[in-house]
Amino acid sequence: MPAQQTAAGPLDRSDAWGLSTQSVHAGEPRQKDEGAISTPVYTASTYTFESTDELLRFVDGSHARQEYGRYGSPNEQSVERKLASLERAEAAVLYSSGMAAIVGLLMTKLNAGDEVIFFDQCYHRSREFCVKHLSRFGVITHQVKTGDFAAMERLINSQTKMLISESPTNPHLTAIDIEQFAALGKANEVETLIDATLATPFNLRPIEGGVDYVLHSATKYLGGHNDLLAGVICGAADKLESVRQLRGTLGSVNSPHNLYLLERGLKTLALRMQRHNENGLAVARFLERHPRVQRVYYPGLESHPTHTVAASQMKGFGGLITFLIRDADWRQTSRIVDAVKIPRIAPSLGGVESLIEQPLVMSYFHYTAEDRERFGIADNMIRMSCGIEDAADLIEDLRQALEADTDG
Ligand SMILES: *Cc1c(COP(=O)(O)O)cnc(C)c1O
């Protein structure tokens, strides 16, 4: 894509650059206001026109510029260009959260009578939005077993408008074959969406595999510091135009301060992901060998059912690990969570601080036992997001927690 021209000067963007160079420079004007090296925070809700003539040129489309904060801001443009560049996409649309991004995309693309098909391992709120809310607008949601492409294909009919999956999935870390998923959509003329939050563009590039839309909760690895919420949809510019239009009406946009934090976080994405990948693999290998651990879900382990797919399409496997405690009920499992000293008990993932949680208690407490079974949420399941601490410290901490007396 050629460098675009902005008021401030030519944009840096080179598809030949490595991801680290892109995360530092891509999408930003080379020369900024007052020569500032960082993007100034434009704390404006509205943008002034010097005359009716200038306004007329803006209204007739001959003069592109800012107008009103709900439709965008210079800080937003800068981060959107950087994210599009990292994802190898033409365009990106930012939202105030990952959920706002998925809601924004689906509300734009789906009409009453349309159908969507999900792989069933997914972020519980994405599923809830489709099943509980899109249904009120006449959209039908089907769920099929994760990775069962044949079952997905059987459900496709002329009303099917979108195929949706995460990769890797949360919390089972199942890798979906991206090229197979994209090909299924193309062969049936149905658009495809991958939620690649757990992978990030450092580990996986679904657009290159032929997927139409890539979604991220930028709250996680992209922001990376557990200090902001944001979401993004990446894809082709023409497909995202209507998405951007509706976002301007829904109003789920970021403040310029939040975008500054996200841009700052993105500069170290490659460095952080390298460490998350290293820590994830080291901790997963430790857990797999520990006698109190019954099973570890981590796509970088040869024992994971989708390891081959993951290894063929991912550069690394991230910091998220899910594991089961041998012969433990939910109470004994919770005592291990409580005995850990470095990771903090909290939802979320992908930040510099390690986090730990028991999915049963954190996200599925109000589900029936049947539904938990259906979604594969075991009582003895723990999910840990490895931060960027030293792997040896995380391992030593988990060892003492697993070996503490948790029966009392
Ligand atoms: C957290 C998360 C979301 C939702 O993102 P928010 O920023 O919390 O709204 C969606 N998908 C996945 C895989 C997530 O982990």
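Residues are numbered from 1 along each chain as its sequence is written. Because the model is predicted, local features need pLDDT of at least 70 and side-chain atom pairs count only at pLDDT 80 or more, while totals for chains, interfaces and linings use all residues; side-chain values use heavy atoms, with hydrogens and water left out.

Domain 1 gives 35 residues to the contact and domain 2 gives 36 residues, where contact means heavy atoms within 4.5 Å.

Between them, the domains bury about 3,000 Å², with 56% of it on carbon and sulfur atoms. Buried area is the accessible area (1.4 Å probe) that two parts lose on being put together, summed over both. Across the interface of domain 1 and domain 2 there are 18 residue pairs in polar contact, both residues at pLDDT 80 or more. A polar contact is a pair of N or O atoms within 3.5 Å; within protein, one must be able to donate a hydrogen and the other to accept it, and residues adjacent in sequence count only if both atoms are side-chain atoms. On the side of domain 1 that touches domain 2, the elements that give two or more residues are helix 1 (19-25), helix 5 (124-133), helix 8 (200-203) and helix 10 (256-266). Helices (H or I, at least four residues) and strands (E, at least two) are DSSP runs, numbered from the N terminus.

In helix 10, the buried residues include Pro256, Leu259, Leu262 and Leu266. Buried means under 20% relative accessible area, exposed over 50%, and partly exposed in between (1.4 Å probe, protein chains only). Among the elements that cover the buried residues of helix 10 are helix 1, helix 3 (74-87), strand 3 (91-95) and helix 11 (269-289).

Helix 11 also holds Phe286, which is buried because its relative accessible area is 8%. Phe286 and Ile395 are 109 residues apart in sequence, yet 7.0 Å apart in space, C-alpha to C-alpha. Leaving out residues up to four places away in sequence, Phe286 touches Ile395, Leu398, Arg399 and Leu402.

Another buried residue is Glu54, at 10% relative accessibility, in helix 2 (residues 52-59). The side chain of Glu54 makes a polar contact with the side chain of His63 (2.9 Å).
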